[in-house]
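Please load the model before reading on.

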Amino acid sequence: MKNILVILGTRPEVIKLAPVILELKKSENFNVEICNTEQQKELSNQTLSVFNLKADINLDVMQPNQTLADVQARILSSLSKVFLQKTYDAVIVQGDTMTVFCGALLGFYNKIPVFHVEAGLRSYDLYEPFPEEALRQMVTRISSIHFAPTNKAVDALLKEGIDKNNIYMTGNTVVDALLTLPEEVKKRAKDYLEKLNVKFNDKLVLVTVHRRENHGKRLDEIINSLLFLSKKYKEHQFVIPVHPNPNVKNKLYHCLGNKKNILLLPPVSYPELISLMSSSKLILTDSGGIQEEAPTFGVPVLVLRYETERTEGVDAGFAKLIGAEAEKIISSASYFLEQDKSSILMNSKNNPYGIGNAAVKIRKIIENYFFQSKKTK
């Protein structure tokens, strides 16, 4: 039996790794342990519980107003103690956060194979998104297996000289996660949101903003565009789950609080976010995960970023990259808001991120890695 350490710390990592963890736990070949750095403490633990999972190790690394260097130092220091206590045969990480980078680095330092889920995403601009673009490129150099979600991700890895025998196109596990949510969980989420005055009709607009590069002047532009749109399209409800980062939270509540058709919500759970997403007419976001999740529901997405590593959704027409200037946001959103919802929804069968079988593929590949003399694609 092989000991596998899954290192995660943020809600998106939990969402995308939960299907992999559940699939590996079905196999008698693996003993799976979950280490939560708690980079997003409440959100990560809450989301683990949605999938009936619980971390075996919690590190509680976050403190108020930490710099990136502070976060990195605390995660590395805490994780290093984990590796001293037990021998692991592999480390699994997902994505491009500081938790991912530190987890991969500790695996490398301990000469343990690193399996990178959602490998190969690239914007090739080290400051868009920041610091994620740099982190994921560095993780690539020290990973043993690269689970790429799309053919574009595979191509990016090949161009960077990664051995083709170590790259596997699996699809994105985010689709697996969406399909595993029980109906009763989704119903409870909708009932809760209705109590918070969310109107589930054909004029619901979901807005999420939290990225570090969108703090400051860019956030001011986004806020100004929302003020304009909410006044122009009064029949629409603009629902904003507010990120707990005080740089975002304080400004949103100060500028957008008490507006008639703008609803500011506390941070929502994963099922609640899915409920909002699936019912939306339009989504405005700087999130990476939402760009991948929305195509399952056919909802158009305006990406409040200047670069995206998820170009498949843009190429397929599900998303449009518009940046963070008020004028562009207003014109792009107006195009959709002036039409009926039924006329702007897209065909979810054209989802470029997969059909929900990524976790099964990943489990089989890991079994081949450990238990077959020849790895096969």
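## The sheet

Two strands pair if DSSP finds at least two bridges between them. Helices (H or I, at least four residues) and strands (E, at least two) are DSSP runs, numbered from the N terminus. The model is predicted: local features need pLDDT of at least 70, side-chain atom pairs count only at pLDDT 80 or more, and totals for chains, interfaces and linings use all residues. Residues are numbered from 1 along each chain as its sequence is written, and side-chain values use heavy atoms, leaving out hydrogens and water.

An open sheet holds 7 strands in the order S3-S2-S1-S4-S5-S6-S7, with parallel pairing. At its edges sit strand S3 (57-58) and strand S7 (167-169), each pairing on one side only. Strand S1 (residues 2-8) and strand S2 (residues 30-36) run parallel and are joined by 7 bridges.

Helix H4 (residues 98-109) lies across S1, strand S4 (90-94) and strand S5 (114-117). H4 runs at about 160° to S4. Such axes are lines fitted to C-alpha atoms, for helices over the stretch in contact, and angles run from 0 to 180 degrees between N-to-C directions.

## Nonpolar cores

A nonpolar core is a set of buried Ala, Val, Leu, Ile, Met, Phe, Trp, Tyr and Cys residues joined through side-chain atoms within 4.5 Å. Buried means under 20% relative accessible area, exposed over 50%, partly exposed in between (1.4 Å probe, protein chains only).

The largest core has 57 residues. Ile92, Phe147 and Ile366 touch the most other members. Helix H1 (residues 11-25) gives the largest share, 7 residues. Apart from this core lies another, of 30 residues, among them Tyr233, Leu252, Leu282 and Ala333.

Histidine 146 is found in strand S6 (residues 145-148). Its relative accessible area is 2%, so histidine 146 counts as buried. Contact means heavy atoms within 4.5 Å. Beyond neighbours within four places in sequence, histidine 146 is in contact with His116, Ala119, Thr140, Leu157, Ile162, Asn166, Ile167 and Tyr168.

With the same exclusion of neighbours within four places, the contacts of phenylalanine 147 include Phe115, Val117, Thr170, Ile362 and Ile366.

## Cysteines

How many disulfides are there? The count is 0, taking a disulfide as a pair of cysteine sulfur atoms within 2.5 Å. For cysteine 35, the nearest cysteine sulfur belongs to cysteine 102, 11 Å away.

Cysteine 35 is buried because its relative accessible area is 0%. Cysteine 255 is partly exposed, at 25% relative accessibility.
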